[in-house]
Amino acid sequence: MSKDIYVVIEQRNGHIQKVSYELIGEATKLAADMGEQVVAVLMGYQIADKAETLIHYGASKVLVLDEPVLEHYTTEPYVKGIEYVIKNYAPNVVLFGASSIGRDMAPRIAGRIHTGLTADCTRLDVDVAKYQEYLRKSTNVPEDKIIALDTSDRNLKMTRPAFGGNVMATIVCRNYRPQMATVRPGVMEMPEKDTSRTGEIIKVDAGLSMDDMNVEILDVVRSDKKAVDITDAKILVSGGRGVGGPEGYEPLRELAAELGGEVASSRIGVDSGWIEKSRQVGQTGKTVHPNLYIACGISGAIQHLAGMEDSEFIIAINKDETCPMMKLADLGIVGDLHVIVPKLTEAIKAYKASQNV
Amino acid sequence: MKIVVCIKQVPDTAEVRLDPKTGTLIRDGVPSIINHDDKAGLEAALQLREKFGGTVTVVCMGPPQADVALREALAMGADDAYLLSAREFGGSDTYATATIIATALKKIGFDLVITGRQAIDGDTAQVGPQIAEQLKVPQVSYAEQLEVEGDSVIVKRQYEDQAHMLKVKMPCLVTALSELTEPRYMHVGGIVDAYNKDITVWGFDDLKDDLNPDWIGLKGSPTNVFQSFGKQPKAAGTVMAGLSADEAVAAIMEKLIERHII
């Protein structure tokens, strides 16, 4: 019988990616509801020493596939490794990060195993009572429909945005196992590390060899700009069409620096080449929920709102009083960002100086 | 070289607006377009044909109206077009969709299949890799550059923090990012030609010899929708208009201090 929640760990150059810990945290909560365990699957080359850490974050068991062919990510060897794990261990649930690696590997595995896969989930539930609570609090589903849900349903309910975040859908996979999902980075809570936790580490020989590689890596091109992770930032100062050009981000950078935050962007700034892709917020960019999001000259296309609407406090500065961002904002200022932003930076500097006296 | 490009007709989500009263999607009058990533893939295919010869075939699964998307692809310069359209295909999830498209691709034949990375309505990025799996050919997704060298393709594969230059033997499947290339416009002669060309329409009967009816459509999809809903709109904030720049800054400062941000 299928059991346990398996988390496919993502590592790059031997570094475990944050989303993997977030998934272990989420899987731990679900496992408690299901009466099952969390198993981490660690794949790579010379990475076995990282297994312990996964236990400290909450995994009960770690399966390690340590092979030269897994040194760099390529599709087939990784797919074959997980295929072996699924066929030999029969997981109930398998979770992946919805990164450019997870979104490449997971659909191919689901296709090979013939099971369902839900992309880019932002919420997972097994317990119906918790799911009903969520529907009541955060959605427009009428009470009679919520009450009518079968509370004995033990399927994984995978909730994701569609249509650029306009509509939310909860997906189930009733007739096939494992139930598989990719989960957006930055959405699930980071679990506490506890070095006193113990668990089992199992080395798995999935019979992989260099012959499994059906692509040849000619070169690895590293991005020269240091990649910033805007999902980590507590404060984001974000610019859109209204900033007007690459130089328009400079005052935003200064404000962000003064606030100890990072600068971000809507899609237009990235598509126009004004700012690097890694700073894009939205459906095709990153999902963020900082304590403060200052939207400068961003009208608020639904794809953008989908990536930032859960920010704790939102300030919008825009000339257009009627734009969607104004409606979403906790504080909307109708005005010219080119005047207000530099003045705000100065005011913060002055305030800080006055506090230090 | 036979290149087959899979395209999807999607509503232009940049044009989709929310009804402020009901919080639901206003889809009336929203134009349908060829999905951005798919169109970039089509353009890349046309450029490869110009350099290396061969043919470019476009395939689209969808309702009869998706014919328009295929006409646009023909007007851009595609050689022939297939529309996969049947009641039995309706309600397919990514697995079932990939099953149908892969069956058609086997019948059409190909050296290189190009799909978009993901569609702007579903945003799953799953159909490309799942077609590749059913075709049992290698895949390279997230392509930002694409070249042909002999019987192989060279792809710059994008990751969040780096890129790989990959070499893959054909037959294979590549999923294109919209950054791959800027699509050309249709030209007048192309538009006229596009309406003189025949689009091959394949229904269930045309594919049924190779298609398991239990694996397609709503019933054959491993995943099903359990609930769909709009989000609860949050409480309205304060909008302040007609302030001087200094007053605006003061209003913001008050909130930053109140919330202990500074």
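In strand β18 of chain A, A:Gly332 is the bridge partner of A:Ala316. This pair belongs to a parallel arrangement in which four bridges join strand β17 (residues 313-318) of chain A to strand β18 (residues 331-334) of chain A. Strands are DSSP runs of E with at least two residues, helices are runs of H or I with at least four residues, and both are numbered from the N terminus; two strands are taken to pair if DSSP finds at least two bridges between them. The model is predicted, and local features therefore require pLDDT of at least 70 and side-chain atom pairs pLDDT 80 or more, whereas totals for chains, interfaces and linings use all residues. Residues are numbered from 1 along each chain as its sequence is written, while chains are lettered from A and ligands numbered from 1 in the order in which they are written.

Strand β18 of chain A also pairs across the chain boundary. Three bridges join β18(A) to strand β15 (residues 238-240) of chain B, and the two run parallel. Here A:Gly332 has B:Val239 as its bridge partner. A further pairing between the chains is antiparallel: strand β10 (residues 167-172) of chain A and strand β14 (residues 224-229) of chain B are linked over five bridges. Within it, A:Val172 is partnered by B:Asn224. In total, 76 residues of chain A are in contact with 66 residues of chain B, contact being defined by C-beta atoms, placed from the backbone, that lie within 7 Å. The side of chain A that touches chain B has 38 nonpolar, 22 polar and 16 charged residues. In this classification Ala, Val, Leu, Ile, Met, Phe, Trp, Tyr, Cys and Pro count as nonpolar, Asp, Glu, Lys and Arg as charged, and the others, Gly among them, as polar.

The secondary structure of chain A comprises 11 helices and 18 strands. Seven strands of chain A form an open sheet with parallel pairing, in the order β7-β11-β6-β1-β4-β5-β12. Its edge strands, each pairing on one side only, are β7 (117-121) and β12 (200-203). From one strand to the next, the twist averages 20°; angles run from 0 to 180 degrees between N-to-C directions, and axes are lines fitted to C-alpha atoms, for helices over the stretch in contact. Within the sheet, strand β1 (residues 5-8) and strand β6 (residues 93-97) of chain A pair in the parallel sense over three bridges, with A:Ile5 opposite A:Val93.

Helix α3 (residues 75-89) of chain A packs on this sheet, touching β1, β4, β5 (61-66) and β6, and its direction makes about 150° with that of β4(A). Helix α1 of chain A lies across β1, β4 (38-44), β6 and β11 (179-183), running at about 175° to β1(A). A:Tyr21 is located in helix α1 (residues 18-34) of chain A. This tyrosine is buried because 24 other C-beta atoms lie within 10 Å, the cut-offs being 20 or more for buried, 12 or fewer for exposed, and partly exposed in between, with C-beta atoms placed from the backbone. Neighbours within four places in sequence aside, A:Tyr21 contacts A:Tyr57, A:Met190 and A:Pro191.

Of the 357 residues of chain A, 55% count as buried.

Conventions:
Contact = placed C-beta atoms within 7 Å.
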